[in-house]
Amino acid sequence: MPYTSLNLSYGVGDREAAVLANRQLLKTELEVEYLASARQVHGDRVFTVSTSITQDLEFKDCDALITNQPGIGLMIQQADCQAILLHDPVQGAIAAIHSGWQGSVRNIITKTITALIEGFGSRAKDIRAVISPSLGSCCGEFKNYAQELPVAFHCFQVNPNYFDFWAISRDQLQRVGITRENIEICAICTVCNRDFFSYRRAGREGNRITGRNGSMIMLPKNDLSADYADSAD
């Protein structure tokens, strides 16, 4: 069954009541008060959650969320795409980015970090980044890469038609000023690891119907300097 393990997306055909229960389970397990998520569109719009919220909210047509409000869990939904979680412990700001290959091409990473710098006074050298379980180079086949991917990405080809998007994201993070030691890559391929939902695996084995994993980051209310990031499958 495509939704048998904690699907967190309302947009993939699962029952709304089941998704609501799954999100509540996530909130309870991780002690999150409210969830802020996005109706992701593989674009590069960054939305700022500028005030405290009093209910779970899902914001339209954006693929990155940033905030300096404690108690709000910023959640990305993905099945092979990357969730990139950012934390600035100096200014007390966080971000959650949804980045598939289209987000990488649009460089949503740089746009999100720029929003943190301009909105909250962050400095790139202070920011810590985590790249979630996602498509690995072992399964990152792009047969039409000459049309889909910019020439600058071609050096990240590890085998004919196969690309390392973890390395692409690390390169984009470093180019904007985040230090290598502040970048953590989970290095778990969601296609290979059946503990995770995978759009590509679902396509190989059936009709591409599958749930969505969740990756979340939150500033705790009692300690703005502590980072709190976790993932749920």
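The model is predicted, so local features are reported only at pLDDT of at least 70 and side-chain atom pairs only at pLDDT 80 or more, while totals for chains, interfaces and linings use all residues. Residues are numbered from 1 along each chain as its sequence is written, and side-chain values use heavy atoms, with hydrogens and water left out.

Helices (H or I, at least four residues) and strands (E, at least two) are DSSP runs, numbered from the N terminus. H5 covers residues 165–175, and its buried residues are Phe165, Trp166, Ala167, Ile168, Ser169, Gln172 and Leu173. Here, buried means under 20% relative accessible area, exposed means over 50%, and partly exposed lies in between (1.4 Å probe, protein chains only). The N-terminal end of H5 is capped by Asp164, with a side-chain oxygen 3.1 Å from the backbone nitrogen of Trp166. After H5 comes Gly177, which has a positive phi, near 115°.

Two packed helices are described by the angle between their axes and the distance between the axes. For H3 and H5 the angle is about 35°, and the axes are 9 Å apart. Axes are lines fitted to C-alpha atoms, for helices over the stretch in contact, and angles run from 0 to 180 degrees between N-to-C directions. The crossing of H3 and H5 is right-handed; this term applies when the near helix is turned clockwise from the far one by less than a right angle, and left-handed when anticlockwise. On the H3 side the contact (heavy atoms within 4.5 Å) involves Ile109, Thr110 and Ile113, and on the H5 side Ser169, Gln172 and Leu173. By type, the residues of this contact are three nonpolar, three polar and no charged. In this sorting, Ala, Val, Leu, Ile, Met, Phe, Trp, Tyr, Cys and Pro count as nonpolar, Asp, Glu, Lys and Arg as charged, and the others, Gly among them, as polar.

Attention now turns to charged pairs. Seven salt bridges are found in the structure, where a salt bridge is a side-chain nitrogen of Lys or Arg within 4 Å of a carboxyl oxygen of Asp or Glu. Asp171 and Arg175 are four residues apart in helix H5, so about one helical turn separates them. An α-helix has 3.6 residues a turn, so residues three or four places apart point the same way. Asp171 is partly exposed at 23% relative accessible area, and Arg175 is exposed at 70%.

Another salt bridge joins Asp56 and Lys27, with the closest N and O atoms 3.1 Å apart. Because Asp56 sits in the loop between strand E2 (46–49) and strand E3 (57–60) and Lys27 in helix H1 (residues 16–30), the pair ties together parts that are 29 residues apart in sequence. Asp56 is partly exposed at 31%, whereas Lys27 is buried at 10%.

A further salt bridge links Arg123 and Asp126, whose closest N and O atoms are 2.8 Å apart. Arg123 is partly exposed at 44%, and Asp126 is buried at 14%. Asp126 belongs to the loop between H3 and E8. Beyond its neighbours within four places in sequence, Asp126 is in contact with His87, Asp88, Pro89 and Val90.

Some backbone angles in loops also deserve a look. Most residues other than glycine have a negative phi, and most peptide bonds are trans. Asp80, although not a glycine, has a positive phi of about 105°. This residue lies in the loop between strand E5 (72–78) and E6 and is buried at 8%. Arg208, also not a glycine, has a positive phi of about 70°. Arg208 is located between helix H6 (199–205) and strand E12 (213–218), in the loop, and is partly exposed at 49%.

Finally, Val32 lies in the loop between H1 and strand E1 (34–39) and is buried at 7%. Leaving out residues up to four places away in sequence, Val32 touches Lys27, Gly71, Gly73, Met216 and Met218.

Methods: A polar contact is a pair of N or O atoms within 3.5 Å; within protein, one must be able to donate a hydrogen and the other to accept it, and residues adjacent in sequence count only if both atoms are side-chain atoms.
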